[in-house]
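Student: I'd like to go through the salt bridges here. Can we start with the terms?

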Amino acid sequence: MAIKKVGVIGAGVMGIGVGQSLAQGGYEVVLIDINDQILEHAEREIRSNLRLFKMLNKGVELDIAATLGRITFTTDYEHLSDADFVVENVVENWEIKKAVHLKLDAICPAHTVVAVNTSAISITRVGSLTKRPSQIVGMHFMNPVPMKPTVEVIRGYHTSDATIATAKELLAGMGKKGVVVQDMPGFVSNRVLMLTVNEAVFLVQDQVASAEEVDTIFKECFGHKMGPLETADLIGLDTILYSIEVLYESYNDSKYRPCPLLKKMVDAGLHGRKNGKGFYTYE
Amino acid sequence: MTTDSLTVEDIKARTRAFIGKFFKNIELQDDEDIFALGFVNSLFAMQLVMFIEKEFGIAVEDQDLNIDNFRTINAMADLVKGKVL
């Protein structure tokens, strides 16, 4: 299938990154959110991120104005009446995702493949809401999207081989590849990462080591680019807490119990990089 | 401070003060590669771009978006100098 027009639902951190990467890949993008204020912020962020991309990729051919020009910023879902593909990136809340997917299923043409960008929601369950369960696929993009070459692609119970192929084609157009995994809560990435982050928070809580020391061990002993607590700050501590709570509820296994210090930090408004303070302080 | 009275030393001092907020207990030399020290990742480059635009009231153009312009205090001072002095 020749994918030309791609809808991106949600202009938060993930939607901004996905929209930018698609525009850089030459796709016509419709970026949708619920109000103009969010969309204006998204436009500013994408411009800033395109500048960063240019900065970090010496000699790359990137016309910032033309790339931005490929993105339509709108609150109107009717723009998706001829979309070939949609990537939904709204918050990880079932009721909100449900409302969006019902709307997408009603507006998008029959051939449209719809990807759920999630680290926590069941792809099979989203598929069950729609008339096109074979065309629903999970795509767990990593943040920051334009800089991460690989995406965790999730096959729901009814997801077809053709849909998986289309999803891979879209990713290839964005200069990315997908690793296809099965639909179980947390997939591969979050099941391991959230436990690691949670245990790292326990280490800080139990005064075994400071956040800097924990991260240093991962970076300098294991060669990771970032330690688990820096990663937690980047993802957002509220998101981390929510993800580990979902795993806890999904498996009813006490190994996923959230660390009390993590809960306390979220309650205190320490959400990480996005609001300036988490395990580290940001300007 | 107006740009009339801005000197290269001012640019360096203000840039050094900004970076100092991120580098604790490090005496950063004017020709030291910030990114090679391993304390910040490349995302920090964009914070430097935004700092320079805001602090010195200049626009960093597409062609200036090269990480080499932001590697050292000297490089950033040269960039700003070329636009305001």
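Tutor: Buried means under 20% relative accessible area, exposed means over 50%, and partly exposed is in between. Keep in mind that this is a predicted model.

Student: Fine. How many salt bridges over all chains?

Tutor: The count comes to 16.

Student: What does B:K81 pair with?

Tutor: B:K81 forms a salt bridge with B:D78, and their closest N and O atoms are 3.4 Å apart. Both sit in helix 3 (residues 73–84) of chain B; being three residues apart there, they are separated by about one helical turn.

Student: And is B:K81 buried, exposed or partly exposed?

Tutor: B:K81 has a relative accessible area of 33%, so it is partly exposed. B:D78 is partly exposed as well, at 45%.

Student: Which residue does B:D30 bridge to?

Tutor: To B:K12, with 3.6 Å between the closest N and O atoms. B:D30 lies in the loop between helix 1 (8–20) and helix 2 (44–56) of chain B, while B:K12 is in helix 1, so the pair ties together parts that are 18 residues apart in sequence.

Student: Why does B:K12 count as buried?

Tutor: Because its relative accessibility is 13%, and the cut-off for buried is under 20%. B:D30, at 22%, is partly exposed.

Student: Switching to chain A. What about A:R155 and A:D161?

Tutor: Their side chains meet in a salt bridge, 3.0 Å from N to O. A:R155 is partly exposed at 22%, whereas A:D161 counts as exposed at 56%.

Student: Which residues are linked in a network?

Tutor: A:E88, A:E92 and A:K97 are linked in a network of salt bridges.

Conventions:
Residues numbered from 1 in each chain as written. Chains lettered and ligands numbered in written order. Predicted model: local features only at pLDDT ≥ 70, side-chain atom pairs only at ≥ 80, totals over all residues. Heavy atoms only, no water. Salt bridge = Lys/Arg side-chain N within 4 Å of Asp/Glu carboxyl O. Buried < 20%, exposed > 50% of the residue type's maximum accessible area, 1.4 Å probe, protein only. Helix = DSSP H or I, 4+ residues; strand = E, 2+ residues; numbered from the N terminus.
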